[in-house]
Amino acid sequence: MDFDFPLRKIIHVDMDAFYASVEQHDNPELKGKPIAVGGGSKRGVVSAASYEARKFGVRSAMSGMQAQRNCPQLIFVKPRFDRYKEISLQIRSIFFEYTDLVEPLSLDEAYLDVTENKKGNPSATLIAKEIRQKILDKTGLTASAGISINKFIAKVASDYNKPNGQKTVNPEEVIQFLEDLDIRKFYGVGKVTADKMYRLGIFTGKDLKQKSLEFLDEHFGKSGKYYYHVVRGIHLSAVKPHRIPKSVGAERTFFENLSSEIFMLEKLDHIAEELERRLKKSKIAGKTITLKIKYSDFTLQTRSKTLPYYISSKDLILETAKELLYQSPLEESVRLLGISLANLNTEKEDEPPKKESVLVQLKFDF
């Protein structure tokens, strides 16, 4: 299969159950046991779960109470983010031995572009294997990796042989790989979207590929174009060493559910203050304010408003958040409130590929 755009060698490295694995590594008594990082208090939420806990259906973002019901022998461990960050920096230093094109997505995963690399190694597959071994030697932790021609396929592939494995999707395998892919495995397709696709008769990449761009636009809006292209192996997003945030936010989970808007306003005041601090630290402003409300039954609601000008001050953020709070009656008592600012003054449109950079690459060793 020939592609009429530049092919890259992209590796997506994803640490295996990172927070939980760090805790098990640092405390050998926890090895082999079902543990959850966070979630220990009455209002707690699980940040991460070990593979032993996942067998019982314990997942991140699950309430601690539900996790305990799923797995009565579950051990809750208090998170130590300073420790996770320390190890993350050790792992990142290994990445930089191979390339400066490293795009961290979080503490435990990153994209690497090794098309041209510091080792002069033409095989991205072997580079990924070396990196995973170095991570194990340096930290005692395992990582999984996906290797392919773009970020989308590498991300999907990194889940295939977890934990402690890797998968390469070579250029000539890309189209078949995507056609065979369960739609739920497509990065960017969540449960709600997957259910909608099922109702439209879309179960695999092959089914998705048979739908026209007009059809996908009609049913999925802006995302339709994205689905249309990625299922054809087209994802031109480059690895960006310095990722620019799309939004900045702050939120609070409460020990007791709030039913009075008066109490909520007090909490919003503190959240807006924290958000202002983060914005000023990063020298960022934005136009779109979103109020996030999580109810006592865990349903989530967001309300947004876009202003004609950039803001970063607490007073203006709070004024808009109040307006959004009173926009419509609350459905239940509230367990979490959050405010985020998007449409930032840091955003730039990705430039389309220049015509002279387009090439057909017939051989591409992975």
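This is a predicted model: local features need pLDDT of at least 70, side-chain atom pairs count only at pLDDT 80 or more; totals for chains, interfaces and linings use all residues.
**Domains and the pocket between them**

The domain assignment divides the chain into domain 1 (18-80), domain 2 (173-243) and domain 3 (247-344). Between the C-alpha centres of domain 1 and domain 2 there is a separation of 32 Å. The second largest pocket lies between these two domains, because domain 1 (18-80) and domain 2 (173-243) both give residues to its lining. The volume of the second largest pocket is about 840 Å³. Its lining comprises 27 residues, and D14, R54, K155, D159 and K162 are those nearest the centre. By class, 11 lining residues of this pocket are nonpolar, 6 are polar and 10 are charged. At least two lining residues come from each of strand 1, helix 1 (18-26), strand 3 (46-49), helix 2 (51-54) and helix 6 (151-157).

**The cavity**

The largest cavity holds about 60 Å³ of space. Its lining is formed by V13, M15, S88, I91, R92, F95, P104, S106, L107, D108, E109 and A110. Of the elements involved, strand 1 (10-15), helix 4 (81-95), strand 5 (102-106) and strand 6 (109-113) each contribute at least two residues to the lining of the largest cavity. Helix 4 contributes the most, with 4 residues. The lining of the largest cavity consists of 7 nonpolar, 2 polar and 3 charged residues.

**Helix packing**

| Helix pair | Axis distance | Crossing angle |
|---|---|---|
| Helix 4 and helix 5 (residues 124-139) | 10 Å | about 145° |
| Helix 12 (residues 261-282) and helix 13 (residues 314-325) | within 9 Å | roughly 140° |

The crossing of helix 12 and helix 13 is right-handed. On the helix 12 side, the contact is made by E261, M264, L265, L268, D269, A272, E273, L275, E276 and L279, and on the helix 13 side by K314, I317, L318, A321, K322 and L325. This contact of helix 12 with helix 13 has 10 nonpolar and 6 charged residues, with no polar ones.

Helix 4, which also lines the largest cavity, passes helix 5 in a right-handed crossing. In that contact, I87, Q90, I91, S93, I94 and F95 of helix 4 meet I131, K134, I135, K138 and T139 of helix 5. The contact of helix 4 with helix 5 divides into 6 nonpolar, 3 polar and 2 charged residues. I91 and F95 of helix 4 take part in this contact, and I91 and F95 are also among the residues that line the largest cavity.

**Backbone sites**

Most residues other than glycine have a negative phi, and most peptide bonds are trans. Two sites in the model depart from these patterns. K162 and P163 are joined by a cis peptide bond, with omega of about -10°. P163 is located in the loop between helix 6 and strand 8 (166-168). K162, one partner in that bond, is also one of the residues nearest the centre of the second largest pocket. The other site is F298, which has a positive phi of about 75° although it is not a glycine. F298 belongs to the loop between strand 10 (286-295) and strand 11 (300-311).

Notes. Residues are numbered from 1 along each chain as its sequence is written. Side-chain values use heavy atoms; hydrogens and water are left out. On a 1 Å grid over the protein atoms alone, a cavity is a set of points where a 1.4 Å probe fits but cannot get out, and a pocket is an open set with protein on both sides within 12 Å along at least five of seven lines; lining residues have an atom within 4 Å of a point. Grid points are joined across faces, edges and corners, and a volume is the space filled by probe spheres set on the points. Ala, Val, Leu, Ile, Met, Phe, Trp, Tyr, Cys and Pro count as nonpolar, Asp, Glu, Lys and Arg as charged, and the others, Gly among them, as polar. Domain bounds come from an automatic or database domain assignment. Axes are lines fitted to C-alpha atoms, for helices over the stretch in contact, and angles run from 0 to 180 degrees between N-to-C directions. A crossing is left-handed if the near helix is turned anticlockwise from the far one by less than a right angle, and right-handed if clockwise. Contact means heavy atoms within 4.5 Å.
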